Amino acid sequence: MQYQLHQLDRNQLEKNFLGQNFKLVEKDACLFIKKGCKDLWLYNILAVAYAKQKKFQLAEENFLKIIDLDPGGFDHYFNLANLYREIKEYNKCIKFLLLALKIKPKNIKALVLLSGIYYKIKDYKNNLSCLNLILSIDPLNIDALANKSVLLISIGKFQEALDCFFKALELNVNENIKNKFLSDISACYIFLGDITNAKYFNNLADKSIGT
């Protein structure tokens, strides 16, 4: 017979988790699982507790158990992908992000993480595809515009990068981001051989820093 987790037990686990007492969370969660509890929430909190203690193999095993118990849950794949990102197993991270996106194809947080992983492994083609998909869903996504601009600079498409930067500047962004955009715009103009505009935007960046 499956053991049912009582609300008091759940509350105590949550309290210890929020208090970052992950060792105690691990101990209690393992005890409940040993009693026969198969609550997905319990497996999740145990997996995260393992990850917080850098017990990555145990965390991985628990996330895989969760997926086995509930193969249709988007968050299970996303959480495991995040674990693989943390331990720099990027191919596995991509694999589970793609599985997550089969469940929620337009999920922004998964697409943003996937685009970042593609950039890390220098898969610029898939990185650009991800960023374009994000912007087709959310045209005003500042992070996607900024990342696309940086990517375009990396692959030598300076005029396209400028278009992205100017689109981002049209939006309301904080001053620190704006300053970075102005410096990057100046750099693009240098690469394009337009020294006049390069100096102009470099001066704007300097003035912004001084204000």
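A: Cys130 is buried, with a relative accessible area of 7%, where buried means under 20% relative accessible area, exposed over 50%, and partly exposed in between, for a 1.4 Å probe and protein chains only. This is a predicted model, in which local features need pLDDT of at least 70 and side-chain atom pairs count only at pLDDT 80 or more, while totals for chains, interfaces and linings use all residues. Residues are numbered from 1 along each chain as its sequence is written, and side-chain values use heavy atoms, with hydrogens and water left out.

Cys93 is also buried, at a relative accessible area of 0%. A search of the whole structure finds zero disulfides, a disulfide being a pair of cysteine sulfur atoms within 2.5 Å. The sulfur of Cys93 has its closest cysteine sulfur in Cys130, 11 Å away, which is too far for a bond.

The buried residues of helix 4 are Ala59, Glu60, Asn62, Phe63, Ile66 and Ile67. Seen down the helix axis, these buried residues of helix 4 fall within an arc of 165°, so they line one face, the arc being that of the directions from the axis to the C-beta atoms. The buried residues of helix 4 pack against helix 3 (40-52), helix 5 (74-86) and helix 6 (90-103), with contact meaning heavy atoms within 4.5 Å, whereas Gln57 and Asp68 are exposed on the other side of helix 4.

As for rings, the structure holds 11 aromatic pairs; rings of Phe, Tyr and Trp (its six-membered ring) pair if their centres lie within 6.5 Å, and planes under 30 degrees apart count as stacked, over 60 as edge-to-face and the rest as tilted. The rings of Phe17 and Phe22 have centres 5.4 Å apart and planes at 75°, so this pair is edge-to-face. Phe22 is buried, with a relative accessible area of 12%, while Phe17 is partly exposed, at 23%. Tyr119 and Tyr124, in turn, form a tilted pair, 5.8 Å centre to centre with 50° between the planes.

Terms used. Helices (H or I, at least four residues) and strands (E, at least two) are DSSP runs, numbered from the N terminus.
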